[in-house]
Amino acid sequence: ILVNLSASNDIVGKSIYREKLISQQSAKCISAYVYSSAGYGESTTDLVFGGNIIIAENGKIIENNKDYNIDGKFVYNDIDVEKINKDRVKNTVFNDSKSYKREYKKIEFSLDNKKVKLKRLIDPYPFVPQKEEDKEERCSEIFNLQTMALAKRVEHINTKSLLIGISGGLDSTLALLVSVITADILGKDRKFIKGITMPGFGTTDRTYKNALGLLEELEVDLEEISIKDASLQHFKDINHHTDNHNVVYENTQARERTQILMDKANQLNGIVVGTGDLSEIALGWSTYNGDHMSMYGVNSGIPKTLIRYVVKWASEYKFSGRVRKILLDILDTPVSPELLPPDREGKIKQKTEEVVGPYELHDFFLYNTVRNGFSPKKVFYLAKIAFKDTYDEKTIKKWLENFYKRFITQQFKRSCIPDGPKIGSVALSPRGDWRMPSDASISTWLKEVKSI
């Protein structure tokens with residue numbers, strides 16, 4: 001924590017410049033920076049002091065008082081020293097400091113955390129910017145990264161087509177939109193894209209119509225291939241009863257869809273564009289050698305809570321008319337793999353978040369575990385604050401335990417995922433960002449969760 005007691009006078013525009021300097025210095029040093037300037041009582045002759053007080057943490061200003069005031073001002077905020085230390089451990093630039101021998105004055109004290117009420121905002125959606133203008137800028141940048149990455153892959157391997165399985169869900173929709181704009185950027189006809197809808201036992205009219213409508217309006221090459229007969233034949237081949245709706249029943253359909261896409265890609269000298277997102281990769285929420293596999297995963301760096309905003313942004317800034325209308329309905333559709341038959345009213349029965357847990361919780365757990373390196377106890381403590389009006393402690397603990405179970409045991413799926421563009425600071429590619437043994441022990445994590 002850098003503390004600067006400053007006698008910096010004020011002139012027009014200087015406060016903004018000062019904010020930038022402090023923000024940049026705290027980021028450069030991976031530190032907190034506390035700045036307190038001389039105030040009203042020290043103004044004299046030609047100089048005016050405004051008493052600016054700023055607290056920054058690793059590039060982000062968390063407290064800023066720049067109101068001119070005759071009376072003294074006192075501000076405070078919480079600084080997460082553990083988070084700063086974790087960031088410093090990851091950054092090798094501080095290794096040189098080991099060689100410097102210096103004596104420091106140490107002042108020891110204890111703090112009862114149970115009595116501390118945090119002032120700082122604990123954002124329940126750490127992947128999503130808080131300000132609307134920042135959301136627009138972030139979504140635009142994400143979409144551009146996706147299209148540039150896919151365009152490079154298309155040109156590099158000289159593929160003749162892009163194949164995407166379209167379900168009428170959020171993930172496949174974003175992959176399709178990215179592919180369409182990529183084709184436009186490369187000057188290719190949109191028929192370069194092969195959109196295949198593959199209705200199965202759980203497909204509802206709503207998602208089916210949205211998938212077909214989107215493909216038609218975007219003027220890509222469209223094909224419908226039902227997976228029902230092939231799946232029934234497979235059930236017969238492996239002696240699986242069709243009334244047994246277990247994991248075999250579900251995964252058979254997911255693998256049949258992937259087989260169709262892969263074989264069609266061979267026919268057309270193309271590649272399969274993967275649709276799975278970062279949240280699904282973290283939880284292992286995919287069928288191994290099914291939707292788990294593709295030739296390039298354009299959504300692999302985007303968490304589920306952020307994908308919704310990117311699709312919404314695309315509906316407002318990239319598309320119009322009926323396409324926009326369909327996109328808005330897709331945004332309003334429950335998240336589901338649609339591998340189980342719908343209910344009596346023909347609506348989606350299998351809702352992902354009822355099985356695996358709310359994605360808003362899992363994305364919060366993921367960010368604070370991977371990006372900040374926090375322990376289960378701290379993640380739980382922060383989640384209670386962030387979601388105090390949404391979930392009770394019992395619910396948070398239940399899904400936190402489920403998160404660690406899935407995140408750690410599903411590493412074997414991440415160890416062989418396809419290439420995909422890195423989008424943010426949390427990435428799970430085994431080739432650079434997240435190198436974890438597939439047989440890592442889960443016992444320590446679960447022991448701490450159970451002790452909460």
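Q: A salt bridge is a side-chain nitrogen of Lys or Arg within 4 Å of a carboxyl oxygen of Asp or Glu; what makes Lys304 and Asp171 such a pair?
A: The closest N and O atoms of Lys304 and Asp171 are 2.9 Å apart, and the rule asks for a distance within 4 Å, so the pair is called a salt bridge. This is a predicted model, in which local features need pLDDT of at least 70 and side-chain atom pairs count only at pLDDT 80 or more, while totals for chains, interfaces and linings use all residues. Residues are numbered from 1 along each chain as its sequence is written, and side-chain values use heavy atoms, with hydrogens and water left out.

Q: Which parts of the chain does the pair of Lys304 and Asp171 link?
A: Helices (H or I, at least four residues) and strands (E, at least two) are DSSP runs, numbered from the N terminus. By that numbering Lys304 belongs to helix 9 (residues 304-317) and Asp171 to helix 4 (residues 170-185), and the two residues are 133 residues apart, so the pair links distant parts of the chain. Lys304 and Asp171 are both buried, a term that means under 20% relative accessible area, with exposed meaning over 50% and partly exposed in between (1.4 Å probe, protein chains only).

Q: Why are Glu57 and Arg120 called buried?
A: Glu57 has a relative accessible area of 5%, so it is buried. Arg120, at 17% relative accessibility, also counts as buried.

Q: How do you know that Lys312 and Glu316 are about one turn of the helix apart?
A: Both residues lie in helix 9, 4 residues apart. An α-helix has 3.6 residues a turn, so residues three or four places apart point the same way. The side chains of Lys312 and Glu316 meet in a salt bridge, at 2.7 Å from N to O.

Q: Why are Lys312 and Glu316 called partly exposed?
A: Lys312 has 38% relative accessibility and therefore counts as partly exposed; Glu316, with a relative accessible area of 40%, is partly exposed as well. Elsewhere, salt bridges that share partners join Asp171, Asp277, Glu280 and Lys304 into one network, and by the rule the count comes to 24 salt bridges.

Q: What makes helix 12 largely enclosed by the rest of the structure?
A: Of its 13 residues, 12 are buried, so helix 12 is largely enclosed. Among them are Glu360, His362, Asp363 and Asn368, together with Phe364, Phe365 and Leu366. Gly373, whose phi is positive, near 70 degrees, follows helix 12.

Q: How do you know that strand 2 and strand 3 pair?
A: Two strands pair if DSSP finds at least two bridges between them, and strand 2 (residues 32-37) and strand 3 (residues 53-57) share 5 bridges in the antiparallel sense. One example is Ser36, whose bridge partner in strand 3 is Ile53.

Q: What makes strand 1 and strand 4 edge strands?
A: The open sheet has 4 strands in the order 1-2-3-4, with mixed pairing. Strand 1 (2-6) and strand 4 (60-65) each pair on one side only.
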